[in-house]
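Hello,

Here is the structure I promised to pass on. Have a look at it first, and then read my notes below.

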Amino acid sequence: MAPPTAARMKARARRGQSAEALATKQREISISEFFSKNRHLLGFDNRRKALLTAVKEAVDNALDACEEAGVAPDVRIEIEAMRKDERYRIAVEDNGPGIVPAQVPKIFGQLLYGSRFHTLKQARGQQGIGISAAGMYGQLTTGKPMVIVSRTGPRRPALRYQVAIDTARNRPEVTGEKEVAWDRPHGTRVEIELEGRYHRGRQSVEEYLKQTSIANPHVDIRYRGPDGTEMHLERVTTELPEAPLEIKPHPHGVELGRLIKMLKETRARTLGSFLRTDFSRVGEKAAAAICAAAGLEPASRPGRIARTEADRLIEAIRTVKLMAPAPSGIVPIGEALLLRSLKSEIPEAAFYTACTRSPAVYRGNPFQIEVGLAYGGALAADDLARVLRFANRVPLLHQPGACLITRTLVATDWKHYGLAQARGALPTGPLVVLVHLASVWVPFTSESKEAIADYTEIQREIRLAVQECGRRLRLFVSRRRRAADAEKKRSYIEKYIPHIGQALQDILALSAADRDRTIRDLSAILEKSRKMD
Ligand SMILES: Nc1ncnc2c1ncn2[C@@H]1O[C@H](COP(=O)(O)OP(=O)(O)O)[C@@H](O)[C@H]1O
Ligand SMILES: [Mg+2]
């Protein structure tokens, strides 16, 4: 064995470090430092995915902002190659409300800063980590800051900023702020230069935009790729989806820690009014019932409730019957629009159906499931069904295997609906299945928002929606099968009609004219039965 090196000897000596010595190394880790080392957690694990994730975060924000402001979104996306297969510049522009100058630094230059984390209502973004993370990835890989242009109204100037993140402190660094000319009266433009790789087809930016257009029939998207590809996805409706309302948490989902925090922070003076005002679906009677079941006075001060008492409150909440959470925080696409979208984006199918379930609840959060099917026609018959997954109208392109949607579809017995299906697989056939989960809080399996976590309540709703669409599909498939069988018989008979005519002529000694008339009559009867089908 080689003798230990000097460095190794020193390391050995350091082994017996005291708590004090270790303390000199112990320090806070900033969230930006954490995610710059763990960028895969946010969807930046490789160049291809990084390019898509960055575009996705910017487009999701653009759509959220436009909808919140009540404008029909016109979104423009450009990708320019700085060095092919290596470095790209993306630009995403919207006609939303813009961003007030004071907020620009924090929104783009600080992780975990946003308007949605603390609210319960349906939105594409929720964590406040999307666009700043994309900018940080760009900065880490190219050294370039983000460039933002934003304008909050026609009478205000458009301002351009360069925003970088000081990752050690998770703080923004803004430089070169100036007024620029911009043709949009209001809106935001985000530019990020990043290491990436452009591709087309599956899991590409194009695919993401096409699917976005299916789940967002009110959005107009213009796209220009680095290879000159241009795409215009026109809206099929000018009507904006109803604005989701912010809701309060439902007591049935609340956990102890959250309850304690709410009790501390509430403005309510009594426990009774706290229950009524800080939760949804708790009225006078329910509040009294909860207090009684917990053995607590409705008049007691919320701030004085001890931990053990809060524990009793949670137990009591479980025993009291309450109305399901208000569905006003979620806005589904709706069956009619879903059908229109499917028909416009997948025009080659022969059969379409859609089902929007009523709202349901998981962990106190309202959610709603929608399923759409496109079947037959020119769709590829020998492939596995194509699955389009959406969460709050955002297409999910990665990690299908880890996603509750895929798992539920695999666990469905599609043979029942007239399709072939291998064990443990998706069905085979000319089929596209769309599943949309809309919720005030989407339970993703990770911060990269790629797959939906397992919740029995959500799985059940997906299953029920699929069953309903499946039954309609079975009717279509069996009707078509019957029609095909009948047609086969008819064409068989058709082939023999001239021979029958000839035989009748021979047996009954008909004239040639009578024989031809008989043939014509028989053909007419056959044609009539064909039309009746
Ligand atoms: N294009 C935009 N127009 C207006 N506001 C925006 C835009 N992009 C981002 N924002 C604001 O910045 C916040 C942070 O965005 P982001 O980091 O993506 O987090 P999230 O979308 O999860 O809230 C958003 O909550 C929103 O308030
Ligand atoms: Mg976002």
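**Around the ligand**

By class, the shell around ligand 1 holds seven nonpolar, 11 polar and three charged residues; here Ala, Val, Leu, Ile, Met, Phe, Trp, Tyr, Cys and Pro count as nonpolar, Asp, Glu, Lys and Arg as charged, and the others, Gly among them, as polar. Before going on, please note that this is a predicted model, where local features need pLDDT of at least 70 and side-chain atom pairs count only at pLDDT 80 or more, while totals for chains, interfaces and linings use all residues. Residues are numbered from 1 along each chain as its sequence is written, and chains are lettered from A and ligands numbered from 1 in the order in which they are written.

Of the 21 residues around ligand 1, the nearest are Asn 61, Ala 65, Gly 114, Gly 125 and Gly 130 (a residue is near if its C-beta atom, placed from the backbone, lies within 6 Å of the molecule). Two or more residues each come from helix 4 (47-69) and helix 6 (130-142), with helix 4 giving the largest share, four residues. Helices (H or I, at least four residues) and strands (E, at least two) are DSSP runs, numbered from the N terminus.

Eight strands form an open sheet in the order 5-4-3-6-2-1-7-8, with mixed pairing; strands pair if DSSP finds at least two bridges between them. Strand 5 (171-180) and strand 8 (230-233) are at the edges with a single partner strand each, so one side of each has no neighbour in the sheet. Strand 2 (residues 87-94) and strand 6 (residues 187-195) run antiparallel, joined by eight bridges, and Glu 93 has Arg 189 in strand 6 as its bridge partner.

Best wishes
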